[in-house]
Amino acid sequence: MKLFVILPRFPYPLDKGDKLRAYHQIKDLSKQHEIYLFCLNESNVEKADLEHIQSFCKEVHIHYVSSVMQKIKAFFSLFSYKPIQVAMFYSSSFKRLIHRKINELKPGHLYCQLIRTSEYIKDIHGIKKTIDYMDALSTGMMRISGENGFPMNRIYKIESKRLLSYENLIYDYFDHHTIISEQDQDLIYHEKRKHIKVIRNGVDIENLTAIDIPKKYDLVFHGNMNYPPNVTSAIYIVEEILPACRQLGFTPSVLISGANPHPKLQELASDKVHIAGWVDDIRESYCSARIFVAPMLINTGLQNKILESMSLRVPCISSRMANNAIKAIDGKHLLIASKPEEFAKKIQHLLENEHQAKRLAEEARKFVEENYTWEANNAKLNALISSK
């Protein structure tokens, strides 16, 4: 079947959660369908990256939009009813191209990721359509509003309300709907939200296996380090958890790694805190530490970073919010903590009990193998797309 896919970003390299999800989905779906990929992007795509994606897509079309133009669209959207998120990723010329190609190709199914791209195909009839909400963006935006002062907190609150309405409105334009977890499903306020199919993320099990390198750090936190929830978590580790550890008489060393570290994080660097940027092989970050700490204060989405640490047999201490979507068992697959003092005590316990840390890591790997392979989760997506 010809599968027409629309993404808000070029899905490679894998430096953001939505790109990771899209990449593995289209790669697996390409084994049974012809993929016609249409995506927006802010910057030029490296030739090698483009060739990699072209290796499993029939066609790849990229519409470039400048960050300046996106900011202009965001400003003018303040005076409309549509969410800023939708306005920033909309282009009338790209929509004309998409509609022309759909008429030309006559694909069997249309698939778009995130409500950001829904405007491109919502008014097309006669072809089955699937939208991947991925997560409840409205809830995430409301949380971010509480972390900002005036006037940004006001803008984020307005955006959250618009997104809430739009997530509900856009539902009826699509035949199928997917989302990353049950907790995100419950945050889409549509009367038929229970019909949204939960399609979880996965882990590249074959490639994400532990490597034998020296343990240079006690703790590690890895992710897109310009993403607000990750920045907040990294600051929490340094400014809340480390002082709690010192109260117990020890000061662990910390590695914070990932693409585009925010300036606030650069200020945290010290003899005990190392701030690293992009790494070519994420295994080097995870496996260079004894414990992965994920004090995420967010109740939307699914934290790939936790799954990655579990797959790499690095024992994980997570917040309850971060684990809600993953559904790992506290004390068997990972440890759960809520306050800085709890994180500190559990960090100390694992550092002093190597045998238990190793047992936790082995159980975590088994848990990922049984529940979070891309192949298994993408098979559910393929079944949905292929259904009559």
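Guide: Let us begin with the pairing of two strands. In this predicted model, β8 and strand β9 (residues 254-257) run parallel and are joined by four bridges.

Visitor: Which residue of β9 stands opposite valine 220?
Guide: Strands β8 and β9 run parallel, with four bridges between them. Across this pairing, the residue of β9 that stands opposite valine 220 is leucine 255.

Visitor: Over how many bridges do β8 and β11 pair?
Guide: Within the sheet order β10-β9-β8-β11-β12-β13, β8 stands between β9 and β11. Leucine 219 stands opposite isoleucine 291 in β11. The pairing of β8 and β11 is in the parallel sense, and the number of bridges is three.

Visitor: In what order do the six strands of the open sheet lie?
Guide: Strands of a sheet pair through backbone hydrogen bonds, either parallel or antiparallel. Here the pairing is parallel, and the order is β10-β9-β8-β11-β12-β13.

Visitor: Which are the edge strands?
Guide: The six strands form an open sheet in the order β10-β9-β8-β11-β12-β13. An edge strand pairs on one side only, and this holds for β10 (273-275) and β13 (335-336).

Visitor: Which residue is the bridge partner of isoleucine 317 in β13?
Guide: Strand β12 (residues 316-318) runs parallel to β13, and two bridges join them. For isoleucine 317 the bridge partner in β13 is leucine 335.

Visitor: How many residues of β8 are buried?
Guide: A residue is called buried when its relative accessible area is under 20%. Strand β8 is largely enclosed by the rest of the structure, because the number of its residues that are buried is six of the six.

Visitor: How many residues apart are arginine 290 and aspartate 218?
Guide: Arginine 290 forms a salt bridge with aspartate 218, with the closest N and O atoms 3.2 Å apart. Arginine 290 is partly exposed at 37% relative accessibility, whereas aspartate 218 is buried at 16%. The pair links distant parts of the chain, arginine 290 being in strand β11 and aspartate 218 in strand β8, and the separation is 72 residues.

Visitor: Is glutamate 119, the salt-bridge partner of lysine 122, buried or exposed?
Guide: The closest N and O atoms of lysine 122 and glutamate 119 are 3.2 Å apart. Lysine 122 is buried, with a relative accessible area of 16%. Glutamate 119 has 5% relative accessibility, which is under the 20% limit, so its class is buried.

Visitor: What is the area of the nonpolar surface patch that includes Phe75?
Guide: Phenylalanine 75 lies in helix α3 (residues 67-77) and is partly exposed, with a relative accessible area of 47%. The patch is made by Val68, Met69, Ile72, Phe75, Phe76, Leu78 and Phe79, and its area is about 710 Å².

Visitor: How far apart in space are asparagine 324 and glutamine 183, C-alpha to C-alpha?
Guide: Asparagine 324 lies in helix α13 (residues 320-324) and is partly exposed, with a relative accessible area of 35%. In sequence, asparagine 324 and glutamine 183 are 141 residues apart; in space, the C-alpha distance is 7.5 Å.

Note on methods
Residues numbered from 1 in each chain as written. Predicted model: local features only at pLDDT ≥ 70, side-chain atom pairs only at ≥ 80, totals over all residues. Heavy atoms only, no water. Patch = residues over 30% accessible without salt bridge, like charges linked within 9 Å, V, L, I, M, F, W, Y side chains within 5 Å. Areas by Shrake-Rupley, 256 points an atom, 1.4 Å probe, with all protein chains shown as cover. Salt bridge = Lys/Arg side-chain N within 4 Å of Asp/Glu carboxyl O. Buried < 20%, exposed > 50% of the residue type's maximum accessible area, 1.4 Å probe, protein only. Pairing = 2+ DSSP bridges.
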